[in-house]
Amino acid sequence: MVIGSVPLSSTVHRTRPSPSLGSHLGSLASHFPYERSLPQDPLAMVRPFAADARSAEIAGILASTVAVGNVKAIRRALVILFDRMGESPRRYIEGFPARRWRIALHPWQHRWIRADQIGFLCVRLQEIYARYPGGLEEVVLRGMAEAGELAAPEEKCAHGLHALSEALRWGSVDRAPTVFEPPPGYLRLFPSPLGPGEPACKREALFLRWMVRRGFPDLGLWKSVAPSDLQIPLDTHVYWIAYHLGLTRRRTRNWRTVVEITRGLRRFDAQDPVRFDFVLAHTGISGDCPKRRDPEVCAPCAVRADCDLWRGRRILFSAPPRCPPANAPAPAVSNRSRVAA
Ligand code: SF4
């Protein structure tokens, strides 16, 4: 039983992750309760479409676009949205009434994201599929090609996400003229890591992870993009844990921080650096990590030895009840206690 914690030395923030972090992250992932966390994740709403790659891609870009805020609210919003689309998002986009984009999905709303913005995204997807037969994968690959064959993974990924952002905003990677003008706030839904402030672009990076990573729980539908080029989708939970595991000392959650954390993770798995994203995010979402030093909750944490909050401290467990040695003489029982028994 945990009864508290004691300092062994003064707590100092790490400047580098500990060498054992890779194996501890592996242990966190191998014991992770996916059956508890996956149903809460927007990815669970996309996985049923995996048999049709185009439908999964459409469901994925819609789900990642609305992946803002509380997981239950995201799920509710997606249930309504996908109900409207029927069994095949691909057929829904093919037949989408482009001239009625303002009202086609009315009155759907999730936080500040409105039905007219998602209706307009459907128009853009129609335009993209008409221009690029390979769909969003072709768009991302065109962007990565701009970075050059020998570019670093983070540069390729930034250019790929930039092309995705351009296509979703303007209907093409080169801003070819289109018939429709976007509604207010629409362009802000698709930031680019090459844009002002170098945003982290968490939702687009998440979409890429779903489409590209071959390992569970991701879909691995895009075979031409290498998982080694992916960058971590940086949400508040992933950032908090990454910071306390010494993967970054940066205080701003932007693309540079994404690159720094992914470089740190690449040391443990160069071919699949975002392999631990799901477990890191859901360790925070589920409350497995209290984001403070809590001996009771932190005791079973697989990365406690690497966590800044526990550096130089150890958990105190209560002493187990003492058992007499097997050959010890039986304790004398007084007449009084016999009577009492
Ligand atoms: S040791 Fe505690 S605070 Fe640190 S990562 Fe694990 S659960 Fe979170």
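Colleague: Where is the place of valine 140, and is this residue buried or exposed?

Modeller: In this predicted model, the place of valine 140 is in helix H8. Around valine 140 there are 30 other C-beta atoms within 10 Å, and a residue counts as buried if 20 or more lie within that distance. Valine 140, in helix H8, is therefore buried.

Colleague: What distance separates the C-alpha atoms of valine 140 and lysine 156?

Modeller: Along the chain, valine 140 and lysine 156 are 16 residues apart.

Colleague: Which word describes how H8 and H9 lie to each other?

Modeller: Two packed helices are described by the angle between their axes and the distance between the axes. For helix H8, which spans residues 135–147, and helix H9, which spans residues 153–170, the axes are 7 Å apart and the packing angle is about 130 degrees. The crossing of H8 and H9 is right-handed. Angles over 145 degrees would count as roughly antiparallel and 65 to 115 as roughly perpendicular, so H8 and H9 are oblique to each other.

Colleague: How is H4 oriented relative to H10, roughly parallel or roughly antiparallel?

Modeller: Helix H4 (residues 53–65) and helix H10 (residues 202–212) have axes that come within 9 Å and cross at roughly 150 degrees. Since angles over 145 degrees count as roughly antiparallel, H4 is therefore, relative to H10, roughly antiparallel.

Colleague: Which residues of helix H1 are buried, and what arc do they cover around the axis?

Modeller: Helix H1 runs over residues 21–30, and its buried residues include Leu21, His24 and Leu25. These three are on the same side of H1, because the arc they cover around the axis is only 100 degrees. The face turned away from the buried side of H1 carries the exposed residues Ser23 and Ser30. The names asked for are thus Leu21, His24 and Leu25, and the arc is 100 degrees.

Colleague: Where is valine 303 found, and what distance separates its C-alpha atom from that of histidine 24?

Modeller: Valine 303 is found in the loop between helix H14 (295–298) and strand E4 (313–317), and with 24 C-beta neighbours inside 10 Å this residue counts as buried. Although valine 303 and histidine 24 are 279 residues apart along the chain, the distance between their C-alpha atoms is 5.5 Å.

Colleague: How do the residues of the shell around the ligand divide into nonpolar, polar and charged?

Modeller: The residues around the ligand include Val303, together with Ile241, His244, Arg304 and Trp310 among others. The shell divides into eight nonpolar, one polar and one charged.

Conventions: Residues numbered from 1 in each chain as written. Predicted model: local features only at pLDDT ≥ 70, side-chain atom pairs only at ≥ 80, totals over all residues. Near = placed C-beta within 6 Å. Nonpolar A, V, L, I, M, F, W, Y, C, P; charged D, E, K, R; others polar. Buried ≥ 20, exposed ≤ 12 C-beta atoms within 10 Å, placed from the backbone. Helix = DSSP H or I, 4+ residues; strand = E, 2+ residues; numbered from the N terminus. Arc of directions from axis to C-beta. Axes fitted to C-alpha atoms, helices over the stretch in contact; angles between N-to-C directions. Parallel < 35°, antiparallel > 145°, perpendicular 65-115°, else oblique. Left-handed = near helix turned anticlockwise from the far one by under 90°.
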